[in-house]
Amino acid sequence: MNNLTQLSWDCWNPQQLQLVDAFQRYGCSLVSCYPDGSNNGFVHTVGLEYSSEHPELLSVDLPKGDGKILIDSLATLVKDGRRFREGDVYEDLAGCSKVCFGAMGQQDFRHMAVAAWFYHYEPFRVLKVVAA
């Protein structure tokens with residue numbers, strides 16, 4: 001899945017254009033949502049599966065700044081060659097003493113709509129990241 005010429009995107013709004021541009025520049029993009037002004041929401045990557053052959057990363061219910069920093073830091077490690085699998089524990093992250101990687105629960109699929117669009121609604125892998 002790592003040949004960029006195999007995917008093309010019909011972008012219908014500025015957010016989609018921004019996401020594809022970030023992916024093409026950096027190999028992935030971050031999507032975040034904090035509904036109704038809430039401080040807790042979700043953050044996930046879009047494009048890691050395609051550019052790095054690594055599952056997308058999803059963090060749910062971390063405070064606004066922490067979730068973005070965590071997922072961005074992990075995505076950078078992945079782009080640099082680090083690989084994470086279900087059951088892994090990682091301890092060398094600034095701002096978070098330890099994170100665990102697990103399977104995404106059925107209730108978490110609702111958070112991945114943008115990634116589903118990116119992958120043309122074809123299957124893609126996701127690891128849920130939980131602060132331990």
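**Conventions.** I take helices (H or I, at least four residues) and strands (E, at least two) as DSSP runs, numbered from the N terminus. The model is predicted, so I note that local features need pLDDT of at least 70 and that side-chain atom pairs count only at pLDDT 80 or more, while totals for chains, interfaces and linings use all residues. Residues are numbered from 1 along each chain as its sequence is written, and side-chain values use heavy atoms, with hydrogens and water left out.

**Entry 1: the sheet.** I looked up the strand order and found an open sheet of 6 strands, β1-β2-β3-β6-β5-β4, with mixed pairing; two strands pair if DSSP finds at least two bridges between them. The edge strands are β1 (29–33) and β4 (89–90), each of which pairs on one side only.

**Entry 2: strand β2 and its partners.** I followed β2 on both sides. With β1, β2 pairs in the antiparallel sense over 5 bridges, and Ser-29 stands opposite Val-46 in β2. The hairpin of β1 and β2 has 6 residues between the strands, and in this hairpin Asp-36 takes a positive phi near 55°. With β3 (residues 56–63), β2 is again antiparallel, over 4 bridges. Here I noted that Asn-40 stands opposite Pro-63 in β3. I also looked up accessibility: β2 is mostly covered, as 6 of its 7 residues are buried. I use buried for under 20% relative accessible area, exposed for over 50%, and partly exposed for values in between (1.4 Å probe, protein chains only).

**Entry 3: His-44.** I located His-44 in strand β2 (residues 40–46), opposite Leu-58 in β3. Is His-44 buried or exposed? His-44 counts as buried because its relative accessibility is 0%. The side chain of His-44 reaches the backbone oxygen of His-111 at 3.1 Å. Leaving aside neighbours within four places in sequence, I listed the contacts of His-44, among them Ser-29, Leu-30 and Val-31, Leu-57 and Leu-58, Ile-71, and Met-112.

**Entry 4: cysteines.** I searched the whole structure for disulfides, that is, pairs of cysteine sulfur atoms within 2.5 Å, and found 0. Cys-28 has a relative accessible area of 7% and is therefore buried. Cys-100, at 28%, is partly exposed.

Entry 5: Tyr-121 has a positive phi of about 60° although it is not a glycine. As for accessibility, His-120 is partly exposed, with a relative accessible area of 37%.

Terms used
A polar contact is a pair of N or O atoms within 3.5 Å; within protein, one must be able to donate a hydrogen and the other to accept it, and residues adjacent in sequence count only if both atoms are side-chain atoms. Contact means heavy atoms within 4.5 Å.
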